[in-house]
Amino acid sequence: MTDAEKKTRPVERSRGRRMAGRIACIAAVVMLAGIVLAPGASAAFTDTLGTLLRGDSQPLQIVLELTLIALIPTLLIMLTGFTRIVIVLSMARNAIGLQNMPPNMVIIGMALFLTYFVMSPAIEQINETALQPYMNNEIEYEEFAETAMEPLRDFMLKQTYVSDLDFFIDLSNTGELEDVERDVPNSVLIPAFVTSELKHALAIGFFIYIPFIVIDMVVASTLMAMGMMMLPPATISLPFKIMLFVLVDGWQLTIGTLINGFAG
């Protein structure tokens, strides 16, 4: 073996690893996009994507790969209870008056694990009824996508307000549906679900804010009565709000309200 061949082999192996990594990422995104889209649309999407990726334009391939990878967090967040959980936890932190404590990383990490806790029944059902049969070549891709979407649709339908669902059905000009839960398309259900999640989160946040606003009002009135108008009330009320939140076990109450809201 010549020196030139020894030098080219590591380069070829590195290129092979990079190509394998890109193929794995694309396969994961295609599978996830196929779950969200309707079966017919997912097949067309997969064929089109495969045609583009088989081209010789490397810049186009890179753009497509980066775009698809960027969609993964959006799809995972919008189809679960993550939106409601992270908003409520952030509002609880802001209601106390702690701008950066706990840090954003802690809030997001806590929201992710609570989302996993809430979505575990749906994840287990997807694994048993869709993923394992597909991995064992017992079902085709179209059946896998349709079966995997059913638990997510059931979850979203339970958490979506009827008014929001009717609103997006009217906007989409879908027409009258015989069985709304069965016939409503994902393109209508998902935005209705996200809108309902925002309403749920803001409603819970409203009740979290009330006791802390009362504390701010009491402290501000006391300082004004004592003639200490130049002293910021927020500075004095912050320790009292933290103490109240700890004494009533605020995190447990907040998390319990969130979990019970999904269970209902």
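This is a predicted model: local features need pLDDT of at least 70, side-chain atom pairs count only at pLDDT 80 or more; totals for chains, interfaces and linings use all residues.
Colleague: Where in the chain is the place of Arg84?
Modeller: Residues are numbered from 1 along each chain as its sequence is written, and side-chain values use heavy atoms, leaving out hydrogens and water. Helices here are DSSP runs (H or I, at least four residues), numbered from the N terminus. Arg84 sits in helix α4.

Colleague: Is Arg84 buried or exposed?
Modeller: Buried means under 20% relative accessible area, exposed over 50%, partly exposed in between (1.4 Å probe, protein chains only). Arg84 has a relative accessible area of 1%, so call it buried.

Colleague: Which side chain makes a polar contact with that of Arg84?
Modeller: Arg84 touches several residues beyond four places in sequence, among them Gln159, Glu197, His200 and Phe262 (contact: heavy atoms within 4.5 Å). A polar contact is a pair of N or O atoms within 3.5 Å; within protein, one must be able to donate a hydrogen and the other to accept it, and residues adjacent in sequence count only if both atoms are side-chain atoms. At 2.7 Å, the partner is Glu197.

Colleague: Within what arc do the buried residues of α11 fall?
Modeller: The buried residues of α11 are Gly250, Thr254, Ile255, Leu258 and Phe262. They line one face of the helix, because seen down its axis (directions from the axis to the C-beta atoms) they fall within an arc of 125°.

Colleague: And which exposed residues are on the face of α11 turned away from its buried side?
Modeller: An α-helix has 3.6 residues a turn, so residues three or four places apart point the same way. On the face of α11 turned away from the buried side, you find Gln252, Leu253, Asn260 and Ala263.

Colleague: Which element gives the most residues to the largest nonpolar core?
Modeller: A nonpolar core is a set of buried Ala, Val, Leu, Ile, Met, Phe, Trp, Tyr and Cys residues joined through side-chain atoms within 4.5 Å. The largest one has 44 residues, and Met156 is one of those touching the most other members. Elements giving two or more residues include α4, α5 and α11. With 10 residues, the top contributor is α9.
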